[in-house]
Amino acid sequence: MDGIIALYKERGLTSHDCVFKLRKILKTKKVGHTGTLDPEVAGVLPICVGRATKLAEYLTDEGKEYHAEITLGRSTTTEDQTGETVSEKVIRNPISVQEIEKVLHELTGEITQIPPMYSAVKVAGKKLYEYARSGESVERPKRQVQIDELKRLDAHEITQAHPSFQLRIRCGKGTYIRTLAVMIGEKLGYPAHMSALWRSKSGFFKEEDCLTLLEIEEKMLAQDLSFLKPLELGIQSFPKIELTEDLHKRVLNGALIKEDELFSGEVVSASPVALLFNGKLVALYQKHATKPGVWKPEKVIELA
């Protein structure tokens, strides 16, 4: 059983919970997720099964899309609606649509974030939320993240009576939407938190492509494996090369391949490249670090 599942993770489950349940449903141990979603966050979570687990890190690198609700006037320990109140500030003067748009523009592009204390980022071998739960403070590492789009999904002024607004966020890996909510509030002069969130897209998978755990279990009982998508979906953004039969055999054995053998036309600069035989993914190859004009295996996907 090899392929990718577009899972709709429901609220209340960790990403690991989903993997654990799918191992039982699919009756296979080789199951892995493509990046954690907080228990309170629902939405798209691609799951890799069998040989597709070798592609999990690349699917994690693909862009994400979220729908979030940002609430001004109150900050929390966890930066979302589950935490205890840290500070509050009354919104005495309405915040205009234009003020918010200006801040959203300023936070689009590459920005610097500091991960929240209640997160799984490790410092000195220990997760930040473990420090937070034990009441310890620790310096958190800054990280650069990419924000491709911040788009308001409503158009009202922010007031004390209506302190929340909806936002669509398209971003790269490693972005903390909770922290983004806090950053938006800081620029507007108010404490803030993320009051709701769901992931509407992850890589090539959209919400409408997804099935719940229950729906997958029902399909398994009916011996319908249509929910298992081909491995090739995981390498859509990669340069692709169709192999000859001779090269196919060599690649399966992890051979080094000369550039002029691999490329019949222009040599691509991107690395890795996806190698296919009869349209099926065989391996991922990258440029050799010390041998010019030679490519070496990064991962061999097909079994020899």
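This is a predicted model: local features need pLDDT of at least 70, side-chain atom pairs count only at pLDDT 80 or more; totals for chains, interfaces and linings use all residues.
1. Let me start with the pairing of H1 and H6. Helix H1 covers residues 15-26 and helix H6 covers residues 213-221; their axes are 10 Å apart and meet at an angle of about 10 degrees. Angles under 35 degrees count as roughly parallel, and H1 and H6 are therefore roughly parallel to each other.

2. It is worth looking at the residues that make this contact. From H1 come Cys-18, Lys-21, Leu-22, Ile-25 and Leu-26, while H6 supplies Leu-213, Ile-216, Glu-217 and Met-220. Sorted by class, the contact of H1 with H6 holds seven nonpolar residues and two charged ones, with no polar residues. As a reminder when you view the helices, an α-helix has 3.6 residues a turn, so residues three or four places apart point the same way.

3. Next comes helix H5, residues 177-188. With 12 residues at 1.5 Å a residue, H5 should span 16 Å, and its end C-alpha atoms lie 17 Å apart, which agrees. Just after H5, Gly-189 has a positive phi of about 90 degrees.

4. How much of H5 is covered? Mostly covered is the answer, since 10 of its 12 residues are buried. The buried residues of H5 include Ile-177, Leu-180, Val-182, Ile-184 and Leu-188, and also Arg-178 and Thr-179. Their packing partners are helix H3 (97-106) and the strands S4 (64-72), S7 (109-113), S10 (143-152), S11 (164-171) and S12 (192-202).

5. Is Arg-178 buried or exposed? Its relative accessibility is 5%, so Arg-178 counts as buried. The side chain of Arg-178 reaches the backbone oxygen of Thr-78 at 3.0 Å. Beyond its neighbours within four places in sequence, Arg-178 is in contact with Asp-38, Thr-78, Glu-79, Asp-80, Pro-116, Tyr-118, Ser-119 and Met-194.

6. Finally, please look at Thr-175, which sits in the loop between S11 and H5. A relative accessible area under 20% means buried, and Thr-175 is therefore buried at 11%. A polar atom of the Thr-175 side chain lies 3.0 Å from the backbone oxygen of Gly-172. Leaving aside neighbours within four places in sequence, the contacts of Thr-175 are with Gln-113, Val-145, Gln-146 and Ile-147.

How values were computed. Residues are numbered from 1 along each chain as its sequence is written. Side-chain values use heavy atoms; hydrogens and water are left out. Axes are lines fitted to C-alpha atoms, for helices over the stretch in contact, and angles run from 0 to 180 degrees between N-to-C directions. Helices (H or I, at least four residues) and strands (E, at least two) are DSSP runs, numbered from the N terminus. Angles under 35 degrees count as roughly parallel, over 145 as roughly antiparallel, 65 to 115 as roughly perpendicular and the rest as oblique. Contact means heavy atoms within 4.5 Å. Ala, Val, Leu, Ile, Met, Phe, Trp, Tyr, Cys and Pro count as nonpolar, Asp, Glu, Lys and Arg as charged, and the others, Gly among them, as polar. The expected span of a helix is 1.5 Å times one less than its number of residues. Buried means under 20% relative accessible area, exposed over 50%, partly exposed in between (1.4 Å probe, protein chains only). A polar contact is a pair of N or O atoms within 3.5 Å; within protein, one must be able to donate a hydrogen and the other to accept it, and residues adjacent in sequence count only if both atoms are side-chain atoms.
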